[in-house]
Amino acid sequence: MTKSLALPKTLQQAITFFSDPQKTFNYAVSLRWPTGTVTCPRCESTEHSFISTRKIWFCKGCKKQFTVKVGTIFEDSPLGMDKWMIAVWMLTNCKNGISSYEIARALGITQKSAWHMMHRVRLAMHAKETVQIGGRGQEVEVDETFIGGAARFMHKGRRKRVITERGVKDKLAVMGMLERGGEIRAAVVPFRRKHHLQAEIRAHVKAKSAIYTDALLSYQGLNNQDFVHQTIDHAESYVEGQVHTNGLENFWSLLKRGLKGTYIAVEPFHMFRYLDEQVFRYNNRKATHDDERFHRVMSHIAGRRLTYEQLTGKGTDTVHQA
Ligand SMILES: [Zn+2]
């Protein structure tokens, strides 16, 4: 169905395309049920009747109604699909991210609605099943950085002297693994202890990979675990031939530019979602057109839900920045 729809390639085309409710509906249906068979999200029955004026199905199996939004990140949202599509388009394609204030203004909705909306889109950006990176003959950079508080913009050399192995309150350690010329994996790590960092490496990086890290003690012993490990001591220099972590340094700059310039204040609890967002854009950086990234996120909308209560913890009414 999607092929015959002549999908938009630019934001301007997207706005025109998604202002047509029937086209938007057809597109959403084609992504929700890629095989073309509409199944009830509750009981998986394929026996149903369609009420075209209201765009709802009545399931003959469980005798309940469902819409294209049920069982997706859009479930229970009162916002129209036209607004959702533009929000997804903007977040997947703006290199430094886009704040909930900007989305709210662009779509004419409240900042709170936009904030919740963006987090749902980030959930669709999260890569559920990831394949390991690296392998024999592949080079993988591994590095960590600190986000939050004063450490956020501190020079790396100074940061390492100031911050102890356990990290400092209000600061989050983020670990990244980058296959040169390939994909990145990143995670918020509770401690920079050896078993935490090396467990992440074993989970995400294939054996036999050449691994480059700085001289942090937590990385010692990787050579005994079927990796070819070389270190660069940042106290002395940043590059020694192939041995450097400059690719990851670039990613950290992107991440911090987004956090500093666009999102301003991010609660540590939500940091992994912003990380998912930046990792998604990075891993899809080679897409030639914006619609490829958009389509990739839209094909992950099913089976994912994120309620406002789940996001915030019940009963809170904090004013959320970002
Ligand atoms: Zn049913």
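At roughly what angle do the axes of helix α8 and α9 cross, and within what distance do they come?

## Helices α8 and α9

In this predicted model, the axes of helix α8 (residues 246-263) and α9 cross at roughly 125 degrees and come within 11 Å. Angles from 65 to 115 degrees count as roughly perpendicular, and α8 and α9 are therefore described as oblique to each other. The crossing in which α8 passes α9 is right-handed.

On the α8 side the residues that meet α9 are Phe 251, Leu 254, Leu 255, Leu 259 and Tyr 263, and their partners in α9 are Met 271, Tyr 274, Leu 275, Glu 277, Gln 278, Val 279 and Tyr 282. By residue class, this contact of α8 with α9 divides into 10 nonpolar, one polar and one charged.

## Helix α5 with α4

Helix α4 (residues 100-107) packs against helix α5 (residues 111-125) at an angle of about 115 degrees, and the two axes lie 8 Å apart. The two helices, α4 and α5, are therefore roughly perpendicular to each other, and α4 passes α5 in a right-handed crossing.

From α4, the contact is made by Ser 100, Tyr 101, Ile 103, Ala 104 and Leu 107, while α5 contributes Gln 111, Ala 114, Trp 115, Met 117 and Met 118. Eight of the residues in the contact of α4 with α5 are nonpolar and two are polar, with no charged residue among them.

## Helix α5 with α3

Helix α3 (residues 81-93) also packs with α5, here at an angle of about 60 degrees and with the axes 10 Å apart, and the crossing of α3 and α5 is right-handed.

The α3 residues Lys 83, Trp 84, Ala 87, Val 88, Leu 91 and Thr 92 meet Met 117, Met 118, Arg 120, Val 121, Arg 122 and Met 125 of α5. The contact of α3 with α5 comprises eight nonpolar residues, one polar and three charged. Met 117 and Met 118 of α5 take part both in the contact with α4 and in the contact with α3.

## The largest pocket

The largest pocket holds about 550 Å³ of space. It is lined by 24 residues, of which His 126, Ala 127, Thr 130, Arg 185 and Val 279 are the closest to its centre. Val 279 is also one of the α9 residues that meet α8.

At least two lining residues come from each of α5, β6 (184-189), α7 (194-204) and α9 (271-283). In composition, the lining of the largest pocket divides into 10 nonpolar, six polar and eight charged residues.

Terms used
Residues numbered from 1 in each chain as written. Predicted model: local features only at pLDDT ≥ 70, side-chain atom pairs only at ≥ 80, totals over all residues. Heavy atoms only, no water. Axes fitted to C-alpha atoms, helices over the stretch in contact; angles between N-to-C directions. Helix = DSSP H or I, 4+ residues; strand = E, 2+ residues; numbered from the N terminus. Parallel < 35°, antiparallel > 145°, perpendicular 65-115°, else oblique. Left-handed = near helix turned anticlockwise from the far one by under 90°. Contact = heavy atoms within 4.5 Å. Nonpolar A, V, L, I, M, F, W, Y, C, P; charged D, E, K, R; others polar. 1 Å grid on protein atoms, 1.4 Å probe; cavity = no way out; pocket = protein on both sides within 12 Å on 5 of 7 lines; lining within 4 Å. Points joined across faces, edges and corners; volume = space filled by probe spheres on them.
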